[in-house]
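Hi everyone, thanks for coming. I'd like to walk you through a protein model today, starting with confidence and then moving on to a pocket and some salt bridges. Here it is on the screen.

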Amino acid sequence: MSKGTHFLGQPILNQLLNYFNKQKILQTSREMGGERYVKSFNAWCHLTVMLYAVIMRFDSLREITSATMMEWRKLAHLGIKDLPRRSTLSDANVRRSHEIFGKIYQQLYLTYKDKLSADSPSGKVPKWMKKLRIIDSTTISLFSNLIFKGVGRNPKTGKKKGGMKVHACIQGNEGVPCDVEFTSAATHDHFMLCPGKLNRGDYLAIDRAYIDYAKFEELTQRGIIYVTKMKQNLTYEVTKSTWYMNEKGLMQWKEEFVIFRKDIKSKNEETGDMEKKTIEHHARIVTYIDEKKKGSAKVIRLLTNDLETEYEEIVAIYKARWAIEALFKQIKQNFPLRYFYGESANAIKIQVWVTLIANLLITLLQKCVSRSWSFSGLATIVRIMLMYYIDMQGFLEYPEKDWEESLSAMMESPPEPVKTEK
């Protein structure tokens with residue numbers, strides 16, 4: 001019986017694990033104390049089981065252990081000699097630090113960074129895209145305010161749902177986080193705005209939650225361009241205002257050169273006393289009409305420290321910010337982040353890190369395949385065939401090959417019967 005043209009001697013899960021360096025992962029875990037008092041369920045086994053669970057979208061430890069029992073022969077080939085019990089996996093999620101999985105994610109990202117940032121074949125990517133950084137956060141709702149502090153005001157019922165914020169920074173041409181931080185949902189977003197982590201000439205696309213005059217002025221001094229959306233209650237002085245009309249005499253766009261002032265307290269290095277200091281930040285407000293917003297025109301106001309660039313480019317930089325919104329939506333739709341495999345903060349963070357690792361692996365797979373696949377379609381295919389012995393790369397390039405060859409063989413005329421002499 002033919003095994004098909006896509007047959008391979010290792011399941012798809014093992015092909016995904018080939019992106020990792022097993023020895024480097026174990027070394028990292030030992031250095032960070034993750035292998036202390038561990039007999040058999042090391043960091044590699046922990047990563048393999050969690051990655052299997054996240055891709056398969058299991059909702060509980062019972063589902064994970066039941067599934068691994070059915071797949072024990074295939075998992076044995078991946079280096080898992082002893083099937084983990086629920087208590088073993090639960091204890092590992094509590095004891096092994098989530099920072100180990102964060103380190104694994106960073107190592108994987110840095111190893112394949114060049115593939116993620118490959119230029120578009122069409123060559124239509126603007127020059128600023130390679131230097132663009134996008135910062136935003138998403139809230140993951142949890143079941144208890146005891147684990148992470150909840151966000152917003154206390155409701156009248158007295159019941160407040162806890163939550164965790166995942167703060168992420170992505171490069172404009174990569175589509176996956178290059179920097180990730182976890183906080184409670186009550187933490188304000190602007191702590192991720194760190195001018196010291198950016199380089200001169202970088203572009204920064206951010207939401208209006210990150211508006212901070214002191215940091216904006218520091219960005220300007222460092223030669224970093226930011227674009228954000230205006231808040232309605234900002235106070236500023238207009239030094240110059242220009243309206244640009246279209247052929248019908250209607251406003252096409254408007255620019256205002258403004259000065260923001262803010263009094264802050266700073267410490268005098270010589271005397272050590274606290275002194276009052278006024279910050280003056282020069283910026284530009286670009287107002288334009290967005291006619292594609294839900295089928296009707298809408299006035300959009302953008303704030304930037306770029307005083308010269310054409311308004312179309314400023315608008316394009318801000319619109320590129322939606323890449324991070326699409327990333328958050330992609331992760332929440334394709335991976336299990338509604339149910340968690342533990343109630344401790346460490347267990348929840350491990351699950352989020354492994355989810356980000358799975359997202360990075362499928363994104364790499366999407367970049368390496370020349371055939372056009374949507375992320376959700378690719379994630380579904382990988383989930384269905386995760387333990388199949390199929391050449392993942394070859395199948396994704398030409399999934400109809402087996403079917404076409406079988407159909408062609410069926411259409412051929414049957415061979416003539418061989419005559420035998422009596």
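So, this is a predicted model, and its mean pLDDT is 84, with 85% of the residues at 70 or more. Where is confidence highest, and where is it lowest? The top spot goes to helix α7, residues 98–111, with a mean of 95. At the other end is helix α15, residues 401–411, where the mean is 61.

Now to the largest pocket. It holds about 480 Å³ of space. There are 24 residues lining it, and those closest to the centre are Y37, V38, K39, F41 and R96. Which element gives the largest share of that lining? That would be helix α6, residues 86–95, which contributes five residues. If you sort the lining by class, you get eight nonpolar, eight polar and eight charged residues.

Let's turn to the salt bridges. Searching the whole structure turns up 12 of them, and I've picked a few to show you.

Please look at E256 first. Its side chain meets that of K254 in a salt bridge, at 3.8 Å from N to O. Are these two residues buried or exposed? Both K254 and E256 are buried. E256 also forms a salt bridge with R301, this one at 3.4 Å, N to O. E256 sits in strand β7, residues 251–267, while R301 sits in strand β9, residues 296–304, so this pair ties together parts that are 45 residues apart in sequence. As for accessibility, E256 has a relative accessible area of 8%, so it falls in the buried class. R301 comes out at 27%, so it counts as partly exposed.

R261 and E280 meet through their side chains in a salt bridge at 3.1 Å, N to O.

One last stop before we chat. D136, R321 and E325 are joined in a network of salt bridges.

Notes. Residues are numbered from 1 along each chain as its sequence is written. This is a predicted model: local features need pLDDT of at least 70, side-chain atom pairs count only at pLDDT 80 or more; totals for chains, interfaces and linings use all residues. Side-chain values use heavy atoms; hydrogens and water are left out. pLDDT is the predictor's confidence in each residue, from 0 to 100. Helices (H or I, at least four residues) and strands (E, at least two) are DSSP runs, numbered from the N terminus. On a 1 Å grid over the protein atoms alone, a cavity is a set of points where a 1.4 Å probe fits but cannot get out, and a pocket is an open set with protein on both sides within 12 Å along at least five of seven lines; lining residues have an atom within 4 Å of a point. Grid points are joined across faces, edges and corners, and a volume is the space filled by probe spheres set on the points. Ala, Val, Leu, Ile, Met, Phe, Trp, Tyr, Cys and Pro count as nonpolar, Asp, Glu, Lys and Arg as charged, and the others, Gly among them, as polar. A salt bridge is a side-chain nitrogen of Lys or Arg within 4 Å of a carboxyl oxygen of Asp or Glu. Buried means under 20% relative accessible area, exposed over 50%, partly exposed in between (1.4 Å probe, protein chains only).
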